[in-house]
Amino acid sequence: MKDHSNRRTRLRWARLLAIVLAFGLIAAACGSDDDGDAEEAPAATEAMADESMDDSMADESMDDSMDDESMDDSMDDDMSDDMMDLSGTKVTVFGPESSDEEAGALRDALDHFAAQTGIEVSYTGARDAADQINAQAAGGNPPDIFIFPQPGKLADFARDGHLIALPDDVIAAMNEHWTPAWTAFGDVDGTQYGIPNKSDLKSLVWYKPALFESKGYSVPGTWDELKALSAEMIANGDTPFCIGIESGPATGWTFTDWVEDLMLRFHTPAEYDAWVAGELAFSSAEVSGVFTEVLDLWNTPGMVFAAGGSIAATPFGDNGQPLVDNDCMMHRQASFYAAFIPEGTAFADGSADAVDTFYFPSVKGDQPVLGAGTLVGAFRDAPEVWEVMKYFASSEYAEVRQQAQTERKGGGLSGFLSAATNQDPSVYQPLEQSFLDILQNADVVRFDGSDLMPAEVGAGTFWTEGTAVVNGDKSVAEATQAIDDSWPQ
Amino acid sequence: MAALWGAFLGIVISVGASAAVFWGTHRLFGLVERRWAVVAAVAGVLVGAGAGAVAAGLRRCVAVEGSRNDECTPLLDGPSFGWINPTLMWIVIGAAVFGLAGAAVGVKRSPGGDRIATLQGRLRALTFVGPAMLFVALGLIVPLLRTIYLSLFDKAGESFRGLANYGEIFTNAQSVDLSGWAGIFGSRLFWGSLILFAIATLIAMSRGRSRGVRADVSASTVGIGLGGGLLLSFAVFANLRGTVMNNLWWVVAVTFLSTALGLLAAVIADRTKRESFAKSLIFLPMAISFVGAGIIWRFMYIARPPQKSQTGLLNAIWVWLGTLRPSSGGAWTAVAVLAAVTVLLTALCAFGVRRRQSAIAVGSAIAAIPLLWLIYRFLGPGVGGSALGPNDEPIAGTILFVQESPFNNVWLMVVLIWIQTGFAMVILSAAIKAVPADLIEAARVDGADERQVFFGVTLPTIVPTITVVMTAMIVLVMKVFDIVRVMTNGNFGTQVIANEMWQRSFTEFNLGLGSALAVVLFLGVVPVMGLNIRRMQRGE
């Protein structure tokens, strides 16, 4: 080797050095992420250790939390004292709310909390969060807190052991602001896992009072009156309803809302519960009868204005504009629909173009209410996580969020609603206040049934088969049978 | 500051480690030449340390009642004092034992010079290929094996179900629904395909008679036959429904049409003056993601209520055509234009018959049929989506491209064909240009005309490329997901396997069924991939 010329050897070494440096730098660049992780790693392992300790020594930790509770009680009023040791800690929140208004207002509310406590809370929103959380939990990296769009999903995660039951002090904080009718949705087999985060009132019909008055229509009080009113509208050349059920991967949920609302009206709450629990089959006379009732109404010639050409092709959010433009007279949709009504529309202020709501008429004269909403559940057992959970349970969160969301919407209705008690009513517009009255005072409240059913049905076949019957691809008998077949055994 | 230090340390350590690896391998190559025993000992130490680490990491886990975390104890334990822990101990033991064994083997069996050279070559190869192989194994083979494993289990991946998931995929009416088979014989597509087959046979026989054989297969018969085959496949898939059938439909239609259109575009572009411009235009959609293309085409297909103006291009045209009422000025203009084109086609047909060019004759005759039909519609019942209301006002009749099963599948396929034609064109165009000029000149000298040169020389030469394009396309189309998810999400009878897999796996979190669907997709793709790789290797 040494017999070769020096120059060549030097060149070889220079080349080797260059390669080494290049690889080294690449490795360093790739490694820099790891450095960041390495800092967080101890915290994560700590949390895991805490978790496993809690699991193995459940009894003792129960005692601990009892102690905590008595301590917390004394400090509840002065949160900042309690927080001193938690400032600088981080909590991640993940959820389905992703629009600028909703996610932005949620972040504003969390920033408000962060400013008070020093706990850094970051929120990530994704439209398909409900799908993503499955993979995140299975992969072992769930967020600290997830906003569940469906109680059924929360129950699945609780039974799988992914979620952590609420400690007693958090339950106590929640009970201060929420009535049992709402906290029950976060209760899984007798253990509380979820805290209500947002409430929606679904049994509403949006309409324009001034237009009704000028055309001589009156707000229907019963289902038969509604049908008679629709017939009158068609005879006058007006289109009664705007309906669209397209919603990306969730296409069909608007149809399921109609079915649920009418199930509550044609049948008893007990039958509704049996249906949601899988004891009353979809193919039974009761449920398929309601399917037929909805479809008969929708398929009446002249009944529906579908902005996308057909009901199944019209995005649910595209019904606000035609309602404002008088292309249709009514639109049955939840309270959050305010967010989809074009900006600048007046709400229930008596002006000529103002939009208002009336209660979706009942069949038997009772006043059942179909509600919905989101729930928060925790995946990590840490004091800072529970502080954030307590904040979610508070009326303060609802107020801050409502104010921020109204601001972001530029006045008008925010689309946000919380059935938490003790809220300052002044943060809500009069129309929103009327929703709250209905929600807080209803004697029969039932949660959106598809959100309570197992995901295979509630976020699966109920939507897809519903879409198929609406589109005319299947008969009611075929579709309801297919839904029954898909119910997990 | 800490971050800066971390970055600095990271760079120093990485550079150091890389230098050590390079120095180490360099030394190792030198050692192979000189001292075999040392090499064997070093290899033994490395293997032993690895084995020791794995052994120390082995855990026996027992499920604990009421907790989702299993209780685990190490299988091999050992003393632990100071900084010495059992793991380190087992690594050292492993390294020592294997290192000694390696040294012993090396001393006993020192290979000769030739053998050392081979060994050194292999060692070098392993050094460089090894890490890549490791990553492939971790990122591809392990997940594959785990997916296959999971596909044999239930929803939660816990209890064994055997092949029940696969059974469910192929017996479920949502996946394979053959109940509409009788409809095949009632469809116009079926009879159209039969007519095309008959024409192809007749041409082949008449050509055969003039050459003294029973049937002479020519380019025109093959072309018409393929067209008939495509129509027949449409007739079959429009009546045999289900997820699996939809996937097959996609594979057949998109692969065939993209390749055929790409070939056509390549051939035509080859003769135009502004070839690069024309090709860029056709290639442009390739730059658009499937999701983007799906959204774009949703706007193309959109239908609006009859009383509103149409914003979707296709429905706008359709409704506009409908406003051309029979015997109105617009309709007469349309009829005049159509008639002129038909006359041209008839002349072309006559020309083809005179020159005995069956492709031109039959092609122009077939092209004239829809024009004649359009003329009839314009004169008689009218064209397009518009009817007269009670007060003689036009009422738009839109087409729900995306909702009306089963042909909404075809409208979704159009999106992928739109994208993939450019891909096929670019590759086939390159192949056409690579056909040796002397071959073509020789054919011309022999008196072949353009058509004969193309079908006799160019096409046979580029057949391998066409196969590559088609296999690549089949693999891509088999996995189609984005377009369906964006445009219908599998509603309205457009479900495909990949989207079904997503919904089962991630919406319902049915790991077993989702994995089984993934494996079905994988098994469908593997033979095509294998074919492609075999061909590539043979080409080398």
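Residues are numbered from 1 along each chain as its sequence is written, while chains are lettered from A and ligands numbered from 1 in the order in which they are written. Because the model is predicted, local features need a pLDDT of at least 70 and side-chain atom pairs count only at pLDDT 80 or more, whereas totals for chains, interfaces and linings use all residues.

**Confidence**

Begin by colouring both chains by pLDDT, which is the predictor's confidence in each residue, from 0 to 100. Chain A has an average of 82, with 84% of its residues scoring at least 70. Select residues 32–83 of chain A next, where the pLDDT is below 50 and where the model has 32 contacts beyond near neighbours in sequence; two residues are in contact if their C-beta atoms, placed from the backbone, lie within 7 Å. For chain B the mean is 84, and 93% of the residues reach 70 or more. Among the elements of chain B, the lowest mean pLDDT, 68, belongs to strand β3 (residues 386–388), and the highest, 94, to α15(B). Elements here are DSSP runs numbered from the N terminus, helices being H or I of at least four residues and strands E of at least two. For the model, ipTM is 0.72 and pTM is 0.77.

At the contact between them, nine residues of domain 1 of chain A meet 10 residues of domain 2 of chain A. On the domain 1 side, the elements giving two or more residues are α6 (151–159) and β6 (194–201) of chain A, and α6(A) provides the largest share, three residues. By class, that side has two nonpolar, two polar and five charged residues, where Ala, Val, Leu, Ile, Met, Phe, Trp, Tyr, Cys and Pro count as nonpolar, Asp, Glu, Lys and Arg as charged, and the others, Gly among them, as polar.

Then centre on A:Asp189, in the loop between β4 (187–188) and β5 (191–192) of chain A, where phi is near 50 degrees, a positive value in a residue other than glycine.

Moving to chain B, select domain 1 (24–110) and domain 2 (244–303 + 403–540), whose C-alpha centres lie 51 Å apart.

Show α15 (residues 408–433) and α17 (residues 450–478) of chain B, which pack at an angle of about 150 degrees with their axes 10 Å apart. Axes are lines fitted to C-alpha atoms, for helices over the stretch in contact, and angles run from 0 to 180 degrees between N-to-C directions. The two helices α15(B) and α17(B) are therefore roughly antiparallel, a term for angles over 145 degrees. Their crossing is right-handed, meaning that the near helix is turned clockwise from the far one by less than a right angle. Among the residues making this contact are B:Leu416, B:Ala424 and B:Ile427 of α15(B) and B:Ile462, B:Val469 and B:Val477 of α17(B); by class the contact has 11 nonpolar, three polar and no charged residues.

Residues to display include B:Asn247, B:Trp250 and B:Val254 in α9(B), together with B:Ile466, B:Met470 and B:Met473 in α17(B). The residues of this contact divide into 10 nonpolar, four polar and no charged.

Follow α9(B) to helix α10 (residues 275–283) of chain B, where the axes come within 8 Å and cross at roughly 155 degrees, which makes α9(B) roughly antiparallel to α10(B). Select B:Ala265, B:Ala269 and B:Asp270 of α9(B) with B:Glu275, B:Ala278, B:Lys279 and B:Ile282 of α10(B), a contact with four nonpolar, no polar and three charged residues.

Finish at B:Pro406, in the loop between β4 (394–396) and α15 of chain B, where a cis peptide bond joins B:Ser405 to B:Pro406 with omega about 0 degrees.

Note on methods:
Parallel < 35°, antiparallel > 145°, perpendicular 65-115°, else oblique. Domains from an automatic or database assignment.
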